Amino acid sequence: MRFNAALSEHESTPHAAEAVAASAKAAMPDSIDVAFVFFTAHHASEADELLARIWAKLSPQALIGCSGEGVIALDREIERAPGIALLVGRLPGVNVQPFHIRREEFAELASDPKAFKERLGAGDPTRAVIAMGDPFTTPIPAFLEAMDEHLGGVPVIGGMASAAHRPGENVLFYNDGSVNEGLVGVSLSGGDLEVQTVVSQGCRPVGKTFVITRSKDNVIFTLGGKPALMALRDAIMEMPAGDRELLENGLFVGRAISEYKERFGRGDFLVRNVMGVDNDSGAIAVGELVRTGQTVQFHVRDAATASEDLGLMLAPQQLAGPAPLTGALLFSCNGRGTRLFDRPCHDVSAARAALPAGAAVAGFFAAGELGPVGGRNFIHGHTASFALFRAAGR
């Protein structure tokens, strides 16, 4: 099992495409099973030329990719400048099945388990699904719900294309063709493959946990029997001064994925924004459906917290496995990078520090990141989501 990453910052699309394809071919002169291609908007007008050159040079079994606001590869993050990033892999014995789901197909496929699995080429031995979608035409929550229902336990890792401001401007690659709507992806099944996921939501829990005692849809009316806003104010008053200052960056609520744990920590919560409060009723609206009886905890976020969380999620004990990690896909929120951190290349530098020296890394800055939390698949914001590849233990 081998992976190789390549990156070009050249503004000429043909030149950049030839450079990354030649680099990948030199590193893996035999067959390539899967290729992931990411490119900035600077190359979108010549996306078909880009794809044709890479496809002809590499002849991969499967290829997917998309346009993004920025791209990531090797030890670099390219923001607001031309860039093409490529990750190629040789996966002996693994069934790599590419797919494209058009906008009008989602509802029918989601309601038909057999057709859904067949379209994805997925089943019991599926290790993971890597997916990229157009945010304007992909009902991603419905797709993720169908994944959890029909392929429970199979993680979805990926991101939403981020190089456009309106429908029709993003470009997605599906094998040797390009599309501008829906979802593209590959399922990875069988073989001597393990796919480990890391989702760093960049937040830190503060204060104590609460149980929702009355709610409707995404509105929390009471926490622990008292108005939610009163519980929030009490929590804020108990925060250290430094944590209260972080509220300038926004307040977040983490919903515990499992209600059966005695203690909760990082990775146990799905984190969502506090959308608003109602001073009259004392209710709090959050960016996720909630229900009475769930456990929640308030969270804060800033650059230091996001860096700390990523470091903890990529700690050696978290990444330990039966074999060394050989490749990684990184989907970082386009609100991260130098928009959040005071130095460039933050997320990929953390990955490079945590992964073995020979592991190849590539990805892009997404308009929504896909990754599992607590065994269920979600779309996130302000997150760094990883798919880490290694040979499975025997």
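Good morning. I begin with Asp217, which is partly exposed, having a relative accessible area of 48%. This residue belongs to the loop between strand E15 (210–216) and strand E16 (219–223). Its backbone deserves attention: phi of Asp217 is near 55°, a positive value in a residue other than glycine. For context, most residues other than glycine have a negative phi. Please bear in mind throughout that this is a predicted model.

Cys345 is not a glycine either, yet has a positive phi of about 65°. Cys345 sits in the loop between E22 and H10.

How many disulfides does a search of the whole structure find? The search returns 0. A disulfide is a covalent bond between the sulfur atoms of two cysteines, and the distances can be stated for two of the residues concerned. For Cys345, the closest cysteine sulfur is that of Cys333, and because the separation is 17 Å, the two are too far apart for a bond. For Cys333, the closest cysteine sulfur is in Cys203, at 11 Å, which is again too far for a bond. Cys333 also counts as buried, with 6% relative accessibility.

Which residues of helix H10 (residues 346–354) are buried? They are His346, Asp347, Val348 and Ala351. An α-helix has 3.6 residues a turn, so residues three or four places apart point the same way. The cover over the buried residues of H10 includes one helix, H8 (303–313), together with strands E4 (70–73), E5 (76–79), E22 (325–333), E23 (360–366) and E26 (384–390).

Another buried position is Ala256, at 1% relative accessibility. Ala256 lies in strand E18 (residues 252–256). Setting aside neighbours within four places in sequence, Ala256 makes contact with Phe264, Asp268, Phe269 and Thr295.

I close with the chain as a whole. Its secondary structure consists of 10 helices and 26 strands. The radius of gyration is 21 Å, close to the 21 Å that the globule rule gives for 394 residues, so the chain is as compact as a globular protein of that length. Along the principal axes, the C-alpha trace spans about 65 × 45 × 45 Å. Of the 394 residues, 54% count as buried. Among contacts with a separation of 6 or more, 82% are between residues 24 or more positions apart.

Finally, the surface and the charges. The accessible surface of the protein chain is about 16000 Å², and carbon and sulfur atoms contribute 49% of it. There are 35 positive and 45 negative side chains, and 4 Å separates the centres of the two sets. Thank you.

Conventions:
Residues are numbered from 1 along each chain as its sequence is written. This is a predicted model: local features need pLDDT of at least 70, side-chain atom pairs count only at pLDDT 80 or more; totals for chains, interfaces and linings use all residues. Side-chain values use heavy atoms; hydrogens and water are left out. Helices (H or I, at least four residues) and strands (E, at least two) are DSSP runs, numbered from the N terminus. The radius of gyration is taken over C-alpha atoms; the globule rule is 2.2 Å times the number of residues to the power 0.38. Buried means under 20% relative accessible area, exposed over 50%, partly exposed in between (1.4 Å probe, protein chains only). Contact means heavy atoms within 4.5 Å. Accessible areas come from the Shrake-Rupley method with a 1.4 Å probe; for residues, only the protein chains shown count as cover. Lys and Arg count as positive and Asp and Glu as negative; His and the chain ends are not counted. The place of a charge is taken as NZ of Lys, CZ of Arg, CG of Asp or CD of Glu. A disulfide is a pair of cysteine sulfur atoms within 2.5 Å.
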